[in-house]
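Thanks for coming. Please have a look at the structure on the screen, and then I will go through one residue and the chain around it.

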Amino acid sequence: MTIEGSKSKTTARIRLGMVGGGQGAFIGGVHRIAARLDDEFELVAGALSSDPARALASAKELGLDAERSYASFAEMAKAEAARADGIEAVVIVTPNHMHFPAAKAFLEAGIHVICDKPLTSSLADAKKLAAIAEKSGRLFVLTHNYTGYPMVRQAREMVQSGVLGTIRLVHAEYVQDWLTEPLEKTGQKQASWRTDPAKSGAGGATGDIGTHAYNLGCFVSGLELDSLSADLDAFVDGRLVDDNAHIMMRYKGGAKGMLWASQVAPGNENRLSLRIFGDKGGLEWAQEDPNYLWYTPLGKPKQLITRNGAGAGAAAGRVSRIPAGHPEGYLEGFATLYAEAARAIRAFRKKNGRIPKDVVFPTVTDGVAGVAFVAACVKSSKKNGAWTKP
C-alpha cells in the first residue's frame, strides 16, 4: 500500500468537495463510495445541505473539518479556490434546479466539476453552462453511471468495430414502480422534489430516468438524434410532471428508435435495458443482470459474453475490477466514471498534460443533449406527439 505522504504531486489523492448529499440524501452516499473505491479521491470539504445546521452535522458525520463545512456553495467555491490545499474537483448532487448555479460558481473559480444528471433543469441553462465550462478550461464530468458498466463498454466497442453492421434499431427502456401512488403527498423527500417542476424541470420520469435510457442508447450506438415523437402521461392524479413516457425516435443516418420510461409500472425496480440491431447482428443488455451481454450474429445462435469472460474485449476489461463470475454493478459503474475523471485530472495536473485517449466519460455536451431530449419530449407531447427536433 502506498503511503499518502510519499505520493508525488501528480499521484496524490485528488481533493474533492461535495455540494448536497447530506443527511437524508441517497445519491450523495453513492458518490462518496464510488469516489473512494479506487482510492483516487479524498473528500475534504462540503456544502452538504442548504440548512447550515444540517450541513455541519453531516460534515461531522463524514469526518470533515468544521471550517470546511460551508453554509452555501458560493461561499465554498470562493473559500476553496483561495486555499493552497483547496479542492481540485467538486461533485454536485443537489436537486436538478441547483445544478446550474453550483456548477457555474465552481467552474468560474477554476475547479473541475463532476455533476449528477440531468445537466440542468432547463435547456437555456444547459446551453449557458456548456459555454461557461468551455470558457473555464476545466473538466466537466456528467455522471451517467451506466456508461461505466463493463458490458456497456463491451457493447460500444462491438458497435464501433462493425460486427453489427449498419445500425438500424435502438430500443431502450427504464422502468420503475416507486411512484405508482402519490408518494410525494406523504412528504417523502426524493418523491417531493422529483415531482416538482420547479426543482426537477419540465420532465418527470423523462428527465429522471428517461435521460439515462436515452444517453445509454446514444453512448453504445454512436448515433445522434434527429427528431422524436413523444406521448407523456401523468397517470397519478394531481401530479405535475410525467410519470410515463412512450417515445419514438429518428436518428441521423436513418436508424429508428423507441424508448419507454415509466415510474408507475408495478413489479419493476430499476429495469434499464438496451437492444441494438444492425444488418449483421444484434446486442441485448439489462442493467439488473449487468455482467452478461447477449450477441446474436445474423443467422447464427445467440452468444453470451460475460464480464471478463471469453469474448470480452479490451474496453470492458480495462474497467473490470474482479474475476469473471463475481458480480459488478451499480457502485462500480459510478466508480468507473470517477476513475476516468481521476485520470483526466491527473493529466491536467501536469504541465501540458494530455488526457489519455482511452478515457471515456459523459461530458457537458452529452448533458446538453440530454436536456434537449427532455425539452423536445415535452414539446412534442403537448402537440399530440408531433415530430420534434431537439
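Glu328 is buried, because its relative accessible area is 4%, and buried means under 20%, with exposed over 50% and partly exposed in between, using a 1.4 Å probe and protein chains only. This is a predicted model, where local features need pLDDT of at least 70, side-chain atom pairs count only at pLDDT 80 or more, and totals for chains, interfaces and linings use all residues. Residues are numbered from 1 along each chain as its sequence is written, and side-chain values use heavy atoms, with hydrogens and water left out.

Where does Glu328 sit? Glu328 is in the loop between α10 (314-318) and α11 (330-349). Helices here are DSSP runs of H or I, at least four residues, and strands are runs of E, at least two, numbered from the N terminus.

Now the surroundings. Leaving aside neighbours within four places in sequence, Glu328 is in contact with residues including Pro150, Pro290, Asn291 and Arg307; contact means heavy atoms within 4.5 Å. Ile322 is also one of these contacts, and its backbone nitrogen lies 3.0 Å from a polar atom of the Glu328 side chain.

On to the whole chain. It has 12 helices and 13 strands. Buried residues make up 52% of its 390 residues. Of the contacts between residues at least 6 apart in sequence, 68% join residues at least 24 apart. The C-alpha atoms fill a box of roughly 60 × 50 × 40 Å, taken along the principal axes.

That is where I stop.

Notes:
A polar contact is a pair of N or O atoms within 3.5 Å; within protein, one must be able to donate a hydrogen and the other to accept it, and residues adjacent in sequence count only if both atoms are side-chain atoms.
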